[in-house]
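Please look through the structure shown here with the sequence beside it.

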Amino acid sequence: MFAGIDEVDWASMEHAYGPADDVPGLLRGLASADPAEREMALDGMYGAVHHQGDVYACTLACIPFLFELAVDPGVQDRGSVVELLTSIGGFDLDEDDEDEIDEDEIEGAANYAMAAAAVTAGAGVFFELIADEDPGVRLAAPLALATLHRHPVRVLALLRERLPVEADEEVRLALVEAAGRVALRHRPLAGRVADWLSLLAAQAYAPGLRLAALAQLARCAPDVLPGDVVPVVSGLLGELRSTTGTYRNGTAEKPERAERAEPAEKPEKADVGAASATGAGLAPATPPDPEAGAAPQADAAAEAAPDTGPEAGPEPESGTGAGAGAPVAEQSAGPTRVGQLRALSAEESAGRSTPWAADLLRTLHVGLDDRVDDRTALLADQLRSPDRWQRVDAVRMSGGLIRAWRGSYDGLVRLIGEQLADPEPRLADAASHVLEELFGLAAPAADALAARLAADPGAWVKAWASGPPGLGSTVKALARLGDARAVPALAAALERSEVPHDVGYAIGHLGAAAAPLAGALRRRLGEVSLDEGAYDRASPLLAGLTGLRAGEAAPEVLRVLRGAPEYRGEWLRTAALRALGSFGPAAQCAVPELRALIRRPGTAAATEAAEALWAVAGDADAVLPVLIEGLRAEHVHDRRTAASALGGLGPRAAVVAPRLRALLAHDELWLRVDAAIALWEVSGRAAESVPVLLAAWEKNRHVRVRVAEVLARMGPAGAGSQAAHVLRAELASVRRHNAMDGGYGSHDTYEDEKLLALCRRALHGKTGKGNTE
């Protein structure tokens, strides 16, 4: 084995973390008899040599040696090697991709193409491996064939031949999944595959196999699904819970119950790449959102989505997705990514009789796509299941459905709320996390949330190994509903030695109901030491006071404004200025300080101070020159702030209309939008602004809430207008405007529901629930 490996000039190549001279050691590690060494080697392959799916020259050089490992019966964990080969060779570069490649990507694209050619050329070995003695190899081989082999007709024939003789249940499911992949990759074969899958779904096979067939049908031929797919799947889930017979070779038998061999573990891929948190590469305003604790990003990203920060919304967005692999040198210092994923998989599977069922249901839901009513009915049935794990899966899948698709979810949400009382912590926690992201849609579960909150005070605040504490999901979910029953938990959080970083945003959602907390916020802010840690300690308190518009706290806020330290002082001053601006005339004591700050026109601080001074004192003569100068600021974010502030002055700023009009053609989309809105606000004429806003709507979906907000303020759109056409099209869409594949933001549902309400108001001058009118 490994003949010629030392003749390869590995040192001249690189992987994700530098020179590739460590790759021979990784390859030899894959053949080690030591499980820990094999795991370290696999982690290194995914983390460096095939980092986030990338293909380097050293990745290409590995392919012959990986094939040697895959076919050597003396090597253990060969299924992992087959999966690695499938990942390396399975990248598709279609014609559209080729048209978009720039010069910097040419080498990478060539590597992908060479990897696909090299692995495909050797894919014939997977025909032999599909009957290997190692069930882990048999588990990986079907998908390798379906992904890589040049002759899909032969592959499909082999899958059908293999199914009746395969003894391992999970491998049988992999054979069915591979057939679905053949249909997706080779559309002329989709009808043939669908016929076979329909046969498997209809005949007296084991419920797991029938469910797998339905899942793949939904994926590759959804039109062929039975009309009664929901009761059929519900029945299969019931069979999985209560089957008393055994299933041999996939068909039903009814002898005495027999022991079934445990399915082989399917190792997870080590390095899957991070999903975008917001889908837009957001560029936060300065300061960053105190909940996120991140430094500001470059204004260049602002084209993708609006600035985030205290002014942009109540809380930051957070996403899902795995992080990137660590450098090989660092991996030996702690658990490997492969090991962590295997441990998580084992933990998730513990106690489940059919751990693979959740994956089948997820595949089915993806295939059902916009059939929201069917998916809702299926999830409701799962949430009523006596099997606790089916309910755990249903809660998580319900969150995914609601985040991506518009619909009527009151009944589903009520069932999710019922899970909060379950003694299994994973079920109750999953339910509270889903409800936390639903904001107003969680209303049917409000009583269940309040009951759990009262029953579990220990979960009001969550402590983390690193970083500040945060509020528990139940507290946030109830606060986001504006439910006063969250107030005792927030009051307790404000008495902790370290205030949770997100407490201010929860208070903001409660509004007047949280007024009793103003005193505690004011007291804690007065106790903040104005040292290098001041921003982290003060920002949650300032956010809470801003949300309450608690003008009585102006002296404490003014102390922070005057004494902000150098470290993160700019962020802290911005948060303090926004608080003072929210207080309005109640912050008169701050007027001298604000007047002093506007004496340096063109700076971000002067613009922010001018905006606050206008809110507090209404002195247009003092602030107008400062804001006009702000329109010429170097950074786009600062110019956007000035434009928005000028719009707030209304007709008092009519003199700036020509300057705002000039910005309507600016390269930065978000500056064009802010300028268009401000132009309408200062001039009262919509004719110039609306076309700019509608063009931005079409170009960037993340701008739609802001555009709909101003269209609603302009009054009902004319029945035949372009604005009305755009608004009606949005309301007719079933998919949420910000839904994306591979990731999500914690505020996605909130933002989309807000958009729908604004669209209805812009069309009809009213709001209400629903998704079409």
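Among contacts in the chain between residues at least 6 apart in sequence, what percentage join residues at least 24 apart? The share is 69%, where contact means heavy atoms within 4.5 Å. This is a predicted model, in which local features need pLDDT of at least 70 and side-chain atom pairs count only at pLDDT 80 or more, while totals for chains, interfaces and linings use all residues. Residues are numbered from 1 along each chain as its sequence is written, and side-chain values use heavy atoms, with hydrogens and water left out.

The secondary structure of the chain comes to 38 helices and six strands, where helices (H or I, at least four residues) and strands (E, at least two) are DSSP runs numbered from the N terminus. Of the 773 residues in the chain, 54% are buried; buried means under 20% relative accessible area, with exposed over 50% and partly exposed in between, for a 1.4 Å probe and protein chains only.

Helix 31 (residues 620-630) gives a local view of burial: eight of its 11 residues are buried, so this helix is largely enclosed by the rest of the structure. The buried residues are Ala620, Ala622, Val623, Leu624, Val626, Leu627, Ile628 and Gly630, and what covers them includes helix 29 (591-597), helix 30 (604-617), helix 32 (636-649) and helix 33 (657-662).

A search of the whole structure finds five aromatic pairs; rings of Phe, Tyr and Trp (its six-membered ring) pair if their centres lie within 6.5 Å, and planes under 30 degrees apart count as stacked, over 60 as edge-to-face and the rest as tilted. One of them is the tilted pair of Phe67 and Phe126, at 6.0 Å centre to centre and with 35° between the planes. Phe67 lies in helix 3 (residues 57-71) and Phe126 in helix 7 (residues 125-129), so the pair ties together parts that are 59 residues apart in sequence. Phe67 is buried, with a relative accessible area of 12%, and Phe126 is buried too, at 0%. For Tyr535 and Trp571, the ring centres are 5.5 Å apart and the planes lie at 70°, so this pair is edge-to-face. Tyr535 belongs to helix 26 (residues 534-548) and Trp571 to helix 28 (residues 569-583), 36 residues apart, and both are buried.

Lastly, Arg403 lies in helix 18 (residues 388-404) and counts as buried, at 16% relative accessibility. Its C-alpha atom is separated by 5.4 Å from that of Thr749, 346 residues apart along the chain. Leaving aside its neighbours within four places in sequence, Arg403 is in contact with Glu437, Arg736, Ala739, Tyr744 and Thr749.
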